[in-house]
Amino acid sequence: MEFPRDTPVYEVFAQREALSFPTHVGSVRASSPEMALQMAREAYFRREAAYDVWVVPESAITRAREYPEVLPVAPEEKTYRLPGGYDNAPLWKRFKAEAQTIEQVAEEMAAKKEGRS
Amino acid sequence: MQSREEAFMARVQSGEKVEVMDWMPDEYRNLLIKQIHMHGISEVMGAYPEREWVMKAPTIRRKLALNAKIQDEIGHGQMLLRLAEDLSQPYGRGREDLMDDVLDGRVKFHNVFHLEAPTWADAGVIGFLVDGGAIITQAMLLGSSYAPYGRMLKRIVAEESFHMQHGESVVLALAAGTPAQKAMLQGAIDRWWPAMMFFFGPREMGASSRRMLDYRIRTMTNEELRQKFINRYAPRIQALGVSIPDPALKQDPATGQWSYTDPDWDWFSYVVHHNAGPRSADRLGLRREAHDGLRWAREASLQAARHFAKEADHGISAGYAGL
């Protein structure tokens, strides 16, 4: 077997804080996953902190763009599936009640939580 | 000296988050499995009452919306079961076991999904009140000490936003409709209100729920959640010209606290512990049918996975082979 000229590629994903999702930031070459983490630290985190960093061998990734039949696209109208597809506010107003959004519920619950601690 | 367990408790109580690979006390792991497993299975079982109304939805748009909502619930079930599977790894239990548990009565699901949904108004009120109640609980759980649960709930709550608007839209249309439609809505509210009072659990929480509070798996008591729910929904229901079937329902102007009639705790509790609700057996029957009927597909997937692994061992590309 021919000896490879380069070390393998690892894709780097970083998570900024506990409740955020890992996001792809770039890639590195390294001899092992541990080395890839070291390289990622040098290449992408010279300034900012991260909650977690993932390195994934490039060869382990399968991209949907190479298989267009499974790529999620939204050609048809899907407003029935979205909160914006429902205009309830005028009817709530007619019944003299307040319309509500899920963001308001989330805010109320988070405010309560902070009040406790 | 502080024990490992005490140090862990101090960590979560100071607001630190826990990941699946972190060391955690067995008690914490078991409480998480109990909570997330039940949550995931309830999402799956929650699809069944609404499924009954897909075929009978009054317009094509309502049919599409109801169908989309059911797809979301099953999707949420999948996402949550993945979390429960990761936590169950030390016990050697995977997806198949966690799904079997509901059929064998080893995991409970929400009381509301054991009940009948005899009219179209019930389909609407499930979206309005059951999803409304679930959203309040899930918004509270966004602050959970278990970070994978908190992250997953972010995605789930974002999708529930459509469920909330859809449920309200159906209910508003009926409230603004003919006398027959208004009567249908009143009937559904009469059926679902006591079930929603049970939904948040007993006034005095059980031992494991209290431990979940200690560990910050959850951040509010049953009663706090129920009060949030009543405060949000009672005025809206009354504004619709629909009465709430509870003469004791009243808000204390000084404290803001609502008094209410206790639901039949013993009956609902018996229903969830013994799958003894009016529709429990039928819906579990459909679940069993789906589970058994698709066993061949799961077995074929396992065969295919073995085949791919073997090819990878032999240096053949183990990539995606197309559909």
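This is a predicted model: local features need pLDDT of at least 70, side-chain atom pairs count only at pLDDT 80 or more; totals for chains, interfaces and linings use all residues.
Trainee: In what order do the elements of chain B run from the N terminus on?

Mentor: Chain B holds 12 helices and 2 strands. Read from the N terminus, its elements follow the order α-α-α-α-α-α-α-α-α-β-β-α-α-α.

Trainee: What is the radius of gyration of chain B, and how does it relate to the globule rule?

Mentor: The C-alpha trace of chain B spans about 70 × 60 × 35 Å along its principal axes. For 323 residues the globule rule gives 20 Å, and the value for chain B is close to this, so the chain is as compact as a globular protein of that length. The radius of gyration of chain B is 22 Å.

Trainee: What percentage of the residues in chain B is buried?

Mentor: A residue counts as buried if 20 or more other C-beta atoms lie within 10 Å of its own. Of the 323 residues in chain B, the buried ones make up 40%.

Trainee: Is Gln13(B) buried, exposed or partly exposed?

Mentor: Gln13(B) is located in helix α1 of chain B, residues 4–13. Because Gln13(B) has 13 C-beta neighbours inside 10 Å, its class is partly exposed.

Trainee: How are α3(B) and α6(B) oriented to each other?

Mentor: The axes of helix α3 (residues 60–88) and helix α6 (residues 147–175) of chain B come within 11 Å and cross at roughly 170°. Angles over 145 degrees count as roughly antiparallel. The two helices, α3(B) and α6(B), are therefore roughly antiparallel.

Trainee: How many nonpolar residues does the contact of α3(B) with α6(B) have?

Mentor: Contributors from α3(B) include Ala65(B), Met79(B) and Leu83(B), while those from α6(B) include Pro148(B), Tyr149(B) and Ile156(B). The contact also has 3 polar and 4 charged residues. Its nonpolar residues number 8.

Trainee: Which helix gives the largest share of the side of chain A that touches chain B?

Mentor: In all, 26 residues of chain A are in contact with 38 residues of chain B. The chain A side divides into 17 nonpolar, 3 polar and 6 charged residues. Its largest share, 8 residues, comes from residues 102–116 of chain A, that is, helix α3.

Trainee: How far apart are the C-alpha centres of the two domains of chain A?

Mentor: Chain A is divided into domain 1, covering 9–61, and domain 2, covering 78–116. The separation of their C-alpha centres is 38 Å.

Conventions:
Residues are numbered from 1 along each chain as its sequence is written. Chains are lettered from A and ligands numbered from 1 in the order in which they are written. Helices (H or I, at least four residues) and strands (E, at least two) are DSSP runs, numbered from the N terminus. The radius of gyration is taken over C-alpha atoms; the globule rule is 2.2 Å times the number of residues to the power 0.38. A residue is buried if 20 or more other C-beta atoms lie within 10 Å of its own, exposed if 12 or fewer, and partly exposed in between; C-beta atoms are placed from the backbone. Axes are lines fitted to C-alpha atoms, for helices over the stretch in contact, and angles run from 0 to 180 degrees between N-to-C directions. Angles under 35 degrees count as roughly parallel, over 145 as roughly antiparallel, 65 to 115 as roughly perpendicular and the rest as oblique. Two residues are in contact if their C-beta atoms, placed from the backbone, lie within 7 Å. Ala, Val, Leu, Ile, Met, Phe, Trp, Tyr, Cys and Pro count as nonpolar, Asp, Glu, Lys and Arg as charged, and the others, Gly among them, as polar. Domain bounds come from an automatic or database domain assignment.
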